[in-house]
Every structure is written in structure tokens, then in C-alpha cells.
Amino acid sequence: MMNTEVITVMKARTFGRHIRESLKSLRRNSWMTFASVSAVTVTLLLVGVFIVIMMNLNQLADSIENDVEIKVVADPAADEAAVKELQKKVSATAGVLEVVYASRDEELDKMIQSFGDELSLYKQSNPLGDALYVKAQDPQQTAAIANKINTYDYTYEVVYGEDKVEKLFKVLNASRNVGLVLILALLFTAMFLISNTIRITIVARRKEIEIMKLVGATNNFVRVPFLLEGIWLGILGAAIPMLLISISYYNLYEYWEPKLKGELFQLLNTTPFILQLNGLILFMGIFIGVWGSFMSVRKFLKV
Amino acid sequence: MIVMKNVYKKYPNGVVAANGINIEINRGEFVYVVGPSGAGKSTFIKMMYREETSTSGDIIINGINLATLRNKRVPYLRRQIGVVFQDFKLLPKLNVYENVAFALEVIEESPSQIRKKVNDVLALVGLTQKARMFPTELSGGEQQRVSIARSIVNVPKVVIADEPTGNLDPETSWEIMRIFEQINARGTTIVMATHNREIVNTMRHRVIVVEGGLITRDEYGGDYGYEG
């Protein structure tokens, strides 16, 4: 009678057997194993490098975005007291982090430095206004704050680098999309190879599978070794990229970090980043493996 | 034990292999299934362990209705049925002991139980001395004994044999038949498809003749009875 519900929790002994079986077929099909592991390795290596680049570019975009400041030029006709009052008002504006004052003479000196001595003529009668450099607490608020300041008395002009940031984001997005397409294509190739490897294993073992089913092995019992085999292929394929990228990035960071001190562009810190990256690569390896073998198991293993 | 009611089976290519089969086989019976090739004998046998499903009608094995049995439950049905084939279906890379133990390993029997049961059943079929040999080192009769041992190691209530002596010489066939009689004597139901007239006429048991997808004769202690 089959009225007793059979508990399908896998026993540790059974799981041990599945692991042994899956490792056995990795050895048996060593060439296919090698091919699929290489495919996963190349894929994940490229994915890893891509992620390193994208994450650091994102970091750069962030710091540029954070560096955006609003330049408020006071009306050249305004006297010192009026500018002081404007500065107070700007400081009091919601969302403003800090305000730095630069006198009209300092502004002119800056321009002379950038554009040349011809401008020193203007030292006789400086046409510029005093300037206030405003930083927002949240860079996203820059535009709103700029608009607000524009309505204040004695404000002559408000300038901020919106174009610069937008352009950078456009470039970033475009390269991200191209990269994603490439990566997806590679992922599919790797999955296809894994699924092929598993198919060969299944075909090589069809007699064994037939007997297993005949004597009453459950479907999961038949399936699990093949899924495990896929997982091993994914993990083996992830190992080299994890190692290589970790070491390379660590060295890159050690070498460049001191030289980039005080620059706008900073490399991401190694400690959380390398760990997260390794986790992601490993996860992708396992995912490719499971999915690749799942496709074959579903198609070729009629259980 | 085994009941078939109005079982009808039509293959996708249009062949009707069972055209309203009704049969009842009781616990402990020994039944020969005979009939010409392509008459539906194999389908009749295969439907019992659900290698094939019926198009309509009920097949009840041990109280389980195969018509309503969910695919997920099929493994648990198979554990109550031993199957023996003409071509033995042994795994060449495993030795005799391992081939038999395999059937218990895949249903997650404990190692101590496996050891005990395999040794017992190898003694029953007379292969204790050859437990470490591989199938290729054995004669056909010995290989079939391994396959029988595997089919009964889990103590099934029914053993289904599809021409188990088809590949064996007459003398070996008798040996194999004696083992089946022994198994039957312990209370196991045996359903055996065969073409061996001599065996059917000598070891008298119930004979079911399948022809054209129908049971044309069903006789206790009957003989082979048809020319083919």
C-alpha cells in the first residue's frame, strides 16, 4: 500500500553519494569538463573586469557629481553690504552645505591665470561681480537650489556644470549597455557548453538511469547528480577569475592609490569591493552551471 | 493483486495494442503470458509497471490505480514490482554484488540493510561465490540470475519477467525457471511473458494468451496451445 506519505528529505548519505557521482562524471568527461570550465572562466573573467571598470567609473561619476558647485555671481553694481546680505541669504537657503566667498579681484586673478595676461587690463576697472561658490548637501538638489538663488536680489548670474555631468552619464550608460549585451552573449555560450556537457553525461549514463528508474529511484535522486555536476563546472570556472581579479585589483589599488591622493578620481577600496566582486562571480558561476545543466536535465532526462 | 478493467491502449502511430483487456491475477499466482510477436504482449507487461500508460481503463496493482497515479508516485510503485528482462540490463562497470546493491542504493536503503539483503539474495540465486565478478565474466544464465537477484532484492510482491529465457540455451533456461519457481514458492506473484513452448507445457501454470490486443484464452494449468 502506498498510503504512507514518503518523506523526501534527502539523507546526508544520499547527498554524499550524489556528490561522488557528480565528481566521477567530471573526471569521466574530462575534455568536455575542460571546455565548459574554460568557457565559464573566460566569461567570468570578462564579466569581472567589466564590473571593476564600471564600478570605478560609477565612483568617478559620483565624485564628479558631488563636486558640482553652483557659482553665484553678484551684481557688479552691488556694494559690499549688499553682497554680504546675499551671502547670508544663500547660506540660509534650504539644502545648502557651504558657501565660499570670492571677491571680484580674486575672480579676475583666476581669469588672468586661465586666459592670459591680456586680461590684466581689466585691473583698472574690474567688470566682474563678487562670487559665491555654493555646495549642495545633496548633489541632486543642485538645480533646484540654483533656481532658487537666481530669484534673490543682487544675483547677477547662476552657473553650474549640468552639461558635464549629463554627458558623463550618457557615456557611462552607453558603455554599460554594450558591455551587458556582450556579457549576456558570453553567458549564453558558457551555459550552452555546460548544458552540452551534462547532455553527454546523461547519454553516457542512460542505461544506469533506466535501471535507476526501473527499481524505483525518485526523480530527484536521478536528477540531482547532474545538477551538482553543473554546479561544479560553474564553481571551477569561477575560481580562476576570482583569484586573478582579486590579485590584479589589489595590486592595481596598492600601486595607484597613493598617486591618486587628492585627485577627483579615486579607486574603490579593496576591502568590501573585492569580497563583493568574488561573491558575485561565484554566484554567476553557480547560476550558469545550474541553469546549463537544468536545460539538459529537462530536455534529455525524461523522469 | 493485479486487476485490469477494460484496458485500451492506442499508440500515437495508430497501433492498438490493447483493445479492452480484462484480467485478474491473485496474490501468489504464476502466470505465463504467451502470444505471437506484435500481439500486445509487451504492452500488456509494460503497462503493469507503468513503462506504458493505458489510453483508457483501469489498471490496479497492489491497490494502486495506475490510471490516476501521479508521475511523482511512480517510483514508489516500482519499488513493489521487480522486473526482469531478456537482455539482463546489468551495469558492466559494476560487479555482481554492486549490480544488486545498486537497486537498494538508489532507493536510499541503509548500508547495513543493503549488505544483508544482497548477501541473502545472492545465496538464493547461487551466486555467492561469484559476487566479485563482473557481468562480462559470467555466462548468460549467471547474468540472468544477477538480474533476477536485483529484481527481488527489495522483496517485491510482484515480479514481472519479459522473456527472461529468450537469450538462453534450453538447459540454462530450466535453471532460471527453477529460480522463478522458488521465488513464487515464497509467495511472490510472477507474471512472465515467454515464447518457450516447452517450459509452458512442462511447468504447468496459468496461461494467458494475448492476440490482437485481446486475451483470447485464460486457462489454469493450460498449455502453450497456439502455433507460433
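Analyst: Happy to! Let's start in chain B, where B:Met4 sits across from B:Ile59 of strand β4(B). Bear in mind that this model is predicted. Strand β1 of chain B, residues 2-10, pairs with strand β4 of chain B, residues 56-61, through five bridges in the antiparallel sense. Both strands belong to an open sheet of four strands in chain B, ordered β2-β1-β4-β5, with antiparallel pairing. At its edges are β2 (16-25) and β5 (64-65) of chain B, each pairing on one side only.

Now for the helix: α2 of chain A, which covers residues 30-67. One partner is helix α8 of chain A, residues 219-256; the two pack at an angle of about 35°, and their axes are 7 Å apart. Their crossing is right-handed. From α2(A), the contact includes A:Val40, A:Leu44 and A:Gly48, while α8(A) contributes residues including A:Gly234, A:Gly237 and A:Pro241. The contact of α2(A) with α8(A) counts 14 nonpolar and six polar residues, with no charged ones.

Another partner is helix α9 of chain A, residues 270-300, packed against α2(A) at an angle of about 145° with the axes 10 Å apart. Here too, α2(A) makes a right-handed crossing. A:Val40, A:Leu44 and A:Gly48 are again among the α2(A) residues involved, and they meet a set in α9(A) that includes A:Leu277, A:Ile281 and A:Gly285. The contact of α2(A) with α9(A) has nine nonpolar residues, two polar and no charged.

Notes. Residues are numbered from 1 along each chain as its sequence is written. Chains are lettered from A and ligands numbered from 1 in the order in which they are written. This is a predicted model: local features need pLDDT of at least 70, side-chain atom pairs count only at pLDDT 80 or more; totals for chains, interfaces and linings use all residues. Two strands pair if DSSP finds at least two bridges between them. Axes are lines fitted to C-alpha atoms, for helices over the stretch in contact, and angles run from 0 to 180 degrees between N-to-C directions. A crossing is left-handed if the near helix is turned anticlockwise from the far one by less than a right angle, and right-handed if clockwise. Two residues are in contact if their C-beta atoms, placed from the backbone, lie within 7 Å. Ala, Val, Leu, Ile, Met, Phe, Trp, Tyr, Cys and Pro count as nonpolar, Asp, Glu, Lys and Arg as charged, and the others, Gly among them, as polar.
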